[in-house]
Amino acid sequence: MENILSDLTGKTYLVTGASSGIGAATALALGRVGANVVLAARQETACRELAEQIVASGGQALVVRTDIGVEQQVREAVSATVQHFGRLDGAFNNAGTLGVAAPLHEIGSDDFMQVMRINVLGVFWSMKYQIEAMLQSGGGAIVNNASITSQLGFPSLSPYNASKHAVVGLTRTAGLEYFQRGIRINAVSPGPVATPMAVQGFGGPDRLQAAMIDSPAGRAGSPDEIAKPVLFLLSEAASYFSGQSITIDGGFTVQ
């Protein structure tokens with residue numbers, strides 16, 4: 001069977017939240033198949049170290065310090081991508097924040113809006129400017145990082161849950177709007193994955209592992225296990241996918 005990811009080679013992909021976790025794993029995976037990777041995140045030092053690994057593996061990399069909660073920085077990240085590599089072929093909108101963990105009545109409006117600004121407006125701005133660039137170059141593919149919290153309720157995480165429901169809504173609507181214009185837009189909805197954010201949310205690595213003991217997989221996922229489906233959705237192997245949210249959770253939501 002031919003390599004279904006071969007069409008990613010030489011193309012340009014923007015990854016937000018690329019400095020760690022799922023974003024870093026996806027950026028490295030793109031580099032290994034010979035893609036040009038734009039690393040957009042606030043942690044510039046971590047991104048530069050990652051860029052060195054990507055170049056060593058056969059890809060090309062550009063680091064653009066980006067806070068997706070600031071529209072101008074999102075626009076500039078896309079502009080820098082096109083200026084440096086000539087075009088944008090795909091994007092993984094992965095950056096996000098967990099926010100304050102508390103019962104709903106204890107959460108302040110400012111805390112709620114901060115999560116919405118990053119997780120919803122940040123994804124909206126990312127898609128807006130990425131789509132504009134892709135329309136100019138003949139199409140592409142976008143994958144948004146949602147979460148199984150877009151399907152389930154998790155106590156004490158109402159802003160995060162609401163934001164991830166919104167990400168799926170944006171994905172479905174844009175998937176309808178742009179599929180016939182050559183841009184495929186889908187989402188992944190990971191279950192608990194061993195990332196810094198998940199470890200923080202569960203209160204430590206031991207608590208994360210304990211929470212997953214009775215799940216079908218019996219463990220948390222790894223960032224690489226999310227990166228592989230993301231690359232599939234970015235590739236032409238997923239040419240008939242549009243507006244979908246693919247759950248990757250080791251069976252967590254079907255218990």
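**Pocket, cavity and fold**

In this predicted model, α6 gives the largest share of the lining of the largest pocket, namely six residues.

**The largest pocket**

- The space in the largest pocket comes to about 1,100 Å³, and the elements that each give two or more residues to its lining are α1 (21-32), β2 (36-41), α4 (109-137), α5 (158-178) and α6 (196-202).
- The lining of the largest pocket is made up of 44 residues, and those that lie nearest its centre are Gly96, Tyr160, Thr195, Met197 and Ala198.
- When the lining residues of the largest pocket are sorted by class, 21 are nonpolar and 20 are polar, while three are charged.

**The largest cavity**

- The structure contains one cavity of 30 Å³ or more, and the largest cavity holds about 40 Å³ of space.
- Lining the largest cavity are Leu14, Thr16, Ala40, Thr66, Ile68, Val74, Ala77, Val78, Ser126 and Gln130, a set that divides by class into six nonpolar and four polar residues, with no charged residues.
- At least two residues of this cavity lining come from each of β1 (12-16), α3 (71-85) and α4, and the largest share, three residues, is supplied by α3.

**Strands β2 and β3**

- Strand β2 runs parallel to strand β3 (residues 60-65), and the two are joined by six bridges.
- Alanine 40 has valine 64 of β3 as its bridge partner, and Ala40 is also one of the residues that line the largest cavity.
- Together with helix α2 (residues 44-57), the strands β2 and β3 form a β-α-β unit that is right-handed.
- As background to reading such strands, side chains in a regular strand alternate between the two faces of the sheet.

**The annotated domain**

- UniProt, in an unreviewed entry, lists residues 11-191 as "domain: Ketoreductase".

Notes. Residues numbered from 1 in each chain as written. Predicted model: local features only at pLDDT ≥ 70, side-chain atom pairs only at ≥ 80, totals over all residues. Heavy atoms only, no water. 1 Å grid on protein atoms, 1.4 Å probe; cavity = no way out; pocket = protein on both sides within 12 Å on 5 of 7 lines; lining within 4 Å. Points joined across faces, edges and corners; volume = space filled by probe spheres on them. Helix = DSSP H or I, 4+ residues; strand = E, 2+ residues; numbered from the N terminus. Nonpolar A, V, L, I, M, F, W, Y, C, P; charged D, E, K, R; others polar. UniProt positions renumbered as here; feature names shortened; annotations may be inferred. Pairing = 2+ DSSP bridges. Right-handed = clockwise from strand over helix to strand, strands pointing away.
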